[in-house]
Amino acid sequence: MKLNRNILVFFICAIVLVVQPVHSQIFFEEQANALGINISGGSTVRLGGVSFFDYDNDGWDDLTFGTKDVDPVRFFKNNNGTFVEETFNININGHSKQVIWVDYDNDGDNDLFVARLDANNKLFQNDGNFNFTDVTASAGFSNAALISYGASFGDYDNDGFLDVFISNKDDDGIIPNQLYHNNGDGTFTDVSVAAGISTVGHLSFCSAFFDYDKDGYLDIYISNDRMNNPNIMYHNNGDGTFTDTSAATGTNIIANAMSTTIGDYNYDGWLDIYVTNTSEGNFLLKNNGDGTFTDMANYTGTLFHSIGWGAIFLDADNDMDLDMYVSGMINNPNIGVLTSAFYESVPGYIFQIPSNAGFANDNYRSFANAIGDVDNNGYPDFIVMNESPDNHTLWQNSGGTNNWLKVKLEGVISNKNGIGSWIEIMANGQVMYRYTLCGEGFLSQNSASEFFGLGTATTIDYIKVNWLSGVEDMYYNVNPNQTLTLVEGETLSTNEFSQANFHLTPNPTTGIIQVFNITQPTKTVVYDVAGRLIDEMTLTSVNHTINLKAQAKGMYFVTLEQGGRKVVKKVVLQ
């Protein structure tokens with residue numbers, strides 16, 4: 001007898017669930033009103049986006065809400081686990097969509113970008129004390145209303161400054177998307193045409209910068225609405241241009257696509273994509289590691305078969321795998337269609353919907369969602385944007401006994417937010433990966449901290465950070481249950497250099513490096529990361545300075561040879 005493929009998948013999944021039971025510690029409770037959030041999204045499906053991001057860098061994830069009609073963007077500071085609304089010297093009225101905090105000028109504070117439907121997009125520069133200046137025009141952005149939904153940031157040319165891709169969605173499908181290059185001087189240039197971005201409209205909801213082929217350059221994936229607008233994958237050629245590889249990669253799905261949710265759901269070291277859709281079913285695009293993707297939604301049990309919008313990957317119970325939450329537009333559970341779905345990962349990287357996770361009454365018409373940590377207990381919480389008459393919901397994670405780690409990045413050569421970096425850790429023999437994004441999912445911004453569930457592990461064997469600049473930092477034997485801020489290049493000076501007789505300082509450097517422990521003439525050669533000879537000299541105890549001031553920022557290798565000993569040191573020029 002020949003079984004239907006769907007039936008066969010069902011039986012395989014059922015067998016896996018029977019022989020490998022899941023012992024869940026997951027429980028969420030809706031706590032928005034109790035924690036100070038009492039906001040409705042309005043009576044239209046065109047709701048605003050949400051940011052669950054620590055905008056004041058005090059260690060607590062704050063909330064920022066895009067709004068509709070004449071309402072302003074609203075800011076809620078996390079005050080040790082509860083929220084208090086605050087205002088700044090800006091008033092952004094109208095229909096705002098994506099709200100993103102981003103350090104576009106690398107000065108150490110978070111600026112604000114707002115994508116809007118009914119007016120021009122806005123960029124506000126933070127002076128460090130939350131006094132904001134509207135720099136939209138001076139920065140080079142259009143003063144026209146482009147009907148923009150999404151905005152995502154990433155450094156596509158690896159120059160250390162975050163660029164922005166804007167997703168436009170007018171009803172006629174005329175207005176094209178835009179790629180703006182950050183010039184590093186506070187201004188942006190629209191490089192869409194020169195970069196190879198389509199000059200026609202695609203009804204785009206949102207996009208994500210991520211490196212799908214791990215070649216060191218950020219690619220762009222776009223979710224487009226309506227069945228005549230396939231999703232688009234732009235491959236970064238590394239020279240400032242992009243090539244449409246949608247068909248070649250198998251990512252040109254035809255759907256009423258909403259989200260671009262990025263994560264490595266099966267921990268194979270390659271980034272996958274989850275795309276929400278209408279009742280035809282969602283897509284889980286597994287990255288095959290060879291430049292192609294395969295839809296695994298049916299096999300993994302994540303089709304949803306409702307009207308999906310926002311989606312997030314999160315390790316809800318910190319058991320060392322990635323679960324998922326999907327927001328849905330249907331609010332009537334009696335018609336047999338999912339209103340939302342919390343998917344728990346079970347052995348084999350498939351998913352099931354547990355009955356005891358706290359979502360029995362999650363019957364809202366919901367849209368954007370984002371991850372944060374309300375109480376800093378290391379267990380991810382999330383906010384969901386709901387249509388009125390319901391208020392937005394904040395699902396607080398009750399936590400459990402499993403250990404955890406949170407990692408926040410601070411770039412030096414790379415962009416200050418560390419966007420486009422890989423974080424890899426190993427604990428109890430399990431390797432896990434996270435990738436840093438800015439503007440992800442459907443009109444959302446997640447916490448600046450990446451969450452790792454550690455299960456019962458009492459030691460993290462290592463943390464590896466591969467920065468967009470090419471710098472790699474390694475940390476060993478790290479204690480769990482803490483939040484770490486990791487600074488690019490810090491292990492080069494604290495670990496590697498302390499293990500050799502030669503000592504180079506400062507590192508990272510702004511150009512002048514002192515080399516110590518020179519006991520005799522030492523042949524010294526400097527190369528860049530491409531292996532090109534930069535300089536060659538002989539150092540002595542009197543003349544022991546290397547001058548890189550004329551060189552471009554980046555990583556260099558210094559070879560020192562003395563008395564038959566030869567060592568190579570990495571140096572970061574910032």
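K214 sits in the loop between β14 (204-210) and β15 (219-224), where helices (H or I, at least four residues) and strands (E, at least two) are DSSP runs numbered from the N terminus. This is a predicted model, in which local features need pLDDT of at least 70 and side-chain atom pairs count only at pLDDT 80 or more, while totals for chains, interfaces and linings use all residues. Residues are numbered from 1 along each chain as its sequence is written, and side-chain values use heavy atoms, with hydrogens and water left out.

**K214 and its surroundings**

- K214 has a relative accessible area of 41% and is partly exposed; buried means under 20%, exposed over 50% and partly exposed in between, with a 1.4 Å probe and protein chains only.
- Apart from neighbours within four places in sequence, K214 is in contact with G269, W270 and W422, contact being heavy atoms within 4.5 Å.
- S541 is 327 residues from K214 along the chain, and the two C-alpha atoms are separated by 43 Å.

**Overall fold and dimensions**

- The protein contains six helices and 43 strands.
- Its radius of gyration is 24 Å, close to the 25 Å that the globule rule gives for 574 residues, so the protein is as compact as a globular protein of that length. The radius is taken over C-alpha atoms, and the rule is 2.2 Å times the number of residues to the power 0.38.
- The C-alpha trace spans about 85 × 60 × 50 Å along the principal axes.
- Of the contacts in the protein with a separation of 6 or more, 54% are between residues 24 or more positions apart.

**Surface and charge**

- Buried residues make up 58% of the 574 residues.
- The protein exposes about 21300 Å², and carbon and sulfur atoms supply 49% of that area. Accessible areas come from the Shrake-Rupley method with a 1.4 Å probe; for residues, only the protein chains shown count as cover.
- There are 27 positive and 67 negative charges, and their mean positions are 4 Å apart. Lys and Arg count as positive and Asp and Glu as negative, while His and the chain ends are not counted. Each charge is placed at NZ of Lys, CZ of Arg, CG of Asp or CD of Glu.

**Cysteines**

- Zero disulfides are found in a search of the whole structure, a disulfide being a pair of cysteine sulfur atoms within 2.5 Å.
- C206 is in no disulfide, and the nearest cysteine sulfur, that of C438, is 14 Å away.
- C438 is likewise in no disulfide, its nearest cysteine sulfur being that of C206.
- C206 counts as buried because its relative accessibility is 1%, and C438 counts as buried at 4%.

**Backbone exceptions**

- Most residues other than glycine have a negative phi, and most peptide bonds are trans.
- A cis peptide bond with omega of about 15° joins S388 and P389; P389 lies in the loop between β27 (381-386) and β28 (393-397).
- The bond from T505 to P506 is also cis, with omega near -5°, and P506 is in the loop between β37 (503-505) and β38 (512-516).
- Y267 is not a glycine but has a positive phi of about 50°. Y267 is found in the loop between β18 (261-263) and β19 (272-275) and is buried, with a relative accessible area of 8%.
- L443, also not a glycine, has a positive phi of about 55°. L443 lies in the loop between β31 (430-435) and β32 (444-445) and is buried, with a relative accessible area of 0%.
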